Amino acid sequence: MTAEFAGNQLLIEVLYLVASVLFILSLKWLSAPSTARHGVLAGEIGMVLAIAGTLLHHGIVDYKWIAIALVIGSGIGVPLGLVQMTAVPQRTALSHAFGALCVTLVGTSEFYLRTPEVPPFMMAVLSMEVILASLTFTGSLMAAGKLQEVLPQRPITYKGQNFVNLGVLAVAIVVAVYLVLHPGARELFPVLIVVPLIFGVLMIVPIGGADMPTVISLLNSYAGLSAAAMGFVLNSKLLIIAGALDGSSGFILSVIMSKAMNRSFTNVLFGAFGQVQAAAAGGKEERIVRSATADEAAGILAAANRVVVVPGYGMAVAQAQHKVRELFDALTKKGVDVRFAIHPVAGRMPGHMNVLLAEADIPYDKLMEMDDINGDFPQTDVALIIGANDVTNPAARTDQSSPIFGMPILDVDKARTVMVIKRSMNPGFAGIDNPLYYLDRTLMLFGDAKSFVNGIVHELAGNSH
Amino acid sequence: MGSTLIDGLFVFMLAGFIGFEVIRRVSPLLHTPLMSLTNALDAIAVVGAIVLVGEHKSNLSFILGVIAVIAATSNVVGGFLITDRMLKMFKTSRPTKP
């Protein structure tokens with residue numbers, strides 16, 4: 001009996017070890033598009049082995065409910081895996097919420113199973129696990145709500161907001177410290193959940209749509225760290241590894257996104273973008289804007305040698321990616337070199353534009369990163385901007401009073417002709433005026449992105465006859 | 001207790017470094033699939049929840065465990081599914097090696 005038990009335990013540990021290796025390989029293979037799908041397979045096999053190993057665990061007596069929960073979870077997971085590509089940001093936020101929910105519930109159960117005999121270090125890690133996971137849960141739900149436009153997207157700010165938020169978080173930390181010293185105080189534990197749940201909501205209230213890429217990455221990092229903390233509580237090295245991988249991934253992405261907006265983490269979380277520009281927007285004189293029709297735009301594009309398309313969130317909203325693909329085909333057929341310039345924070349999550357354009361069958365070698373394409377704009381005949389605004393705003397280079405001053409931008413204003421597809425002259429989401437629109441070389445193409453691109457495609461087809 | 005804690009910290013530190021080195025190399029092209037894949041892998045937290053359900057030590061831990069298994073499993077299934085769907089879409093215009 002003892003030998004069999006020990007053998008079982010060894011088998012479980014070996015399965016976990018293999019799963020850890022597969023998880024690391026999974027991320028390694030994701031580094032290039034050619035091997036990326038092997039990465040998914042490796043992750044799936046690792047997951048199956050880990051779950052199989054867990055089911056061998058000697059203390060497990062109830063398999064029925066495990067099976068029922070696995071089936072229900074899969075039933076929810078399949079539709080979440082089949083959402084439209086434009087809905088991927090809110091789906092991602094929602095899955096951060098689910099992950100955090102799992103960690104919160106497991107942490108809560110572990111506390112009530114172990115109290116009052118919880119060693120100080122264990123209690124400290126357990127508190128960290130529950131605090132991080134609870135705030136990630138509501139924070140991610142709020143982010144998903146804003147992205148799905150169930151909640152108002154505009155940042156909501158008020159005086160003393162940062163003070164209130166930090167105060168709320170401080171309450172949770174004080175209670176955590178008390179519990180470390182008195183782990184028998186079981187009636188205090190709910191505070192460690194409820195207060196961070198409130199903090200999660202307050203944290204996302206001042207966040208606007210343009211900050212979503214950073215915030216989603218940050219929540220991703222929190223979700224990973226809370227899972228790693230859970231690994232310490234359960235003494236599971238597999239969980240520590242998976243949590244550390246997820247945590248570092250989210251952290252790296254947050255750093256990349258913050259850099260791409262020239263802002264610090266604290267500024268994203270405590271800076272509430274929306275407020276600043278109200279002051280900057282005053283004292284605007286009437287300036288001349290030149291506009292063009294689809295017919296004229298098609299003529300200029302057909303005569304060009306090199307065209308760079310700059311997509312932004314507006315393209316996603318208008319679901320214009322498939323029409324953009326038709327434009328890409330039509331121009332490529334005429335011998336025009338068409339490429340796409342992707343700003344790191346274009347869209348609502350890291351890599352959002354790449355996925356949408358890939359969905360529309362645009363080859364990924366035509367999708368250029370900002371640093372790789374910026375040097376090519378002076379040799380570009382037409383820069384066509386579809387639904388992007390702040391990432392093309394030259395004020396970021398020159399105007400020190402601009403709230404986005406210092407943010408790296410796509411140098412579209414260096415192209416010979418700039419075309420901007422836009423609904424109206426209203427400033428974009430962040431409310432910042434864009435001097436690009438008043439340049440002599442700029443033509444405004446007013447209209448819905450999808451129907452305007454469609455118009456250009458029709459004109460191009462007409463000209464070829 | 002003390003040594004398992006230190007073991008855990010070593011594992012965390014090493015995994016963190018591996019994470020940084022591996023993920024730094026992921027092309028920005030694939031940042032969205034990266035996030036959905038790490039999300040699916042992170043749902044390995046399901047193993048902790050499975051043990052809670054299976055051991056049925058208290059009614060509270062059992063009920064919370066069932067909900068936790070459901071939440072994590074939906075991430076496992078949904079995360080892998082959507083990552084694979086996204087990666088399938090990335091095609092190159094250059095001829096690919098067989």
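In which hand does helix 6 of chain A cross helix 7 of chain A? Helix 6 of chain A passes helix 7 of chain A in a left-handed crossing. Keep in mind that this is a predicted model.

**Helices 6 and 7 of chain A**
- Helix 6 (residues 161-181) of chain A packs against helix 7 (residues 189-204) of chain A at an angle of about 160°, and their axes are 9 Å apart.
- An angle over 145 degrees counts as roughly antiparallel, so helix 6 of chain A is roughly antiparallel to helix 7 of chain A.

**Domains of chain A**
- Chain A is assigned domain 1 (62-271) and domain 2 (294-463).
- Their C-alpha centres lie 36 Å apart, and the contact takes 19 residues from domain 1 and 18 residues from domain 2.
- On the domain 1 side, helix 4 (88-114), helix 8 (212-234) and helix 9 (237-260) each supply at least two residues.
- That side of domain 1 has 13 nonpolar, 6 polar and no charged residues.

**Leu41(B)**
- Leu41(B) sits in helix 2 (residues 31-42) of chain B.
- With 32 other C-beta atoms within 10 Å, Leu41(B) is buried.
- Residues of chain A that Leu41(B) touches include Phe23(A), Gly43(A) and Leu245(A).
- Val76(B) is 35 residues from Leu41(B) in sequence and 7.1 Å away in space, C-alpha to C-alpha.

Methods. Residues are numbered from 1 along each chain as its sequence is written. Chains are lettered from A and ligands numbered from 1 in the order in which they are written. This is a predicted model: local features need pLDDT of at least 70, side-chain atom pairs count only at pLDDT 80 or more; totals for chains, interfaces and linings use all residues. Helices (H or I, at least four residues) and strands (E, at least two) are DSSP runs, numbered from the N terminus. A residue is buried if 20 or more other C-beta atoms lie within 10 Å of its own, exposed if 12 or fewer, and partly exposed in between; C-beta atoms are placed from the backbone. Two residues are in contact if their C-beta atoms, placed from the backbone, lie within 7 Å. Domain bounds come from an automatic or database domain assignment. Ala, Val, Leu, Ile, Met, Phe, Trp, Tyr, Cys and Pro count as nonpolar, Asp, Glu, Lys and Arg as charged, and the others, Gly among them, as polar. Axes are lines fitted to C-alpha atoms, for helices over the stretch in contact, and angles run from 0 to 180 degrees between N-to-C directions. Angles under 35 degrees count as roughly parallel, over 145 as roughly antiparallel, 65 to 115 as roughly perpendicular and the rest as oblique. A crossing is left-handed if the near helix is turned anticlockwise from the far one by less than a right angle, and right-handed if clockwise. Lists of a residue's contacts leave out its neighbours within four places in sequence.
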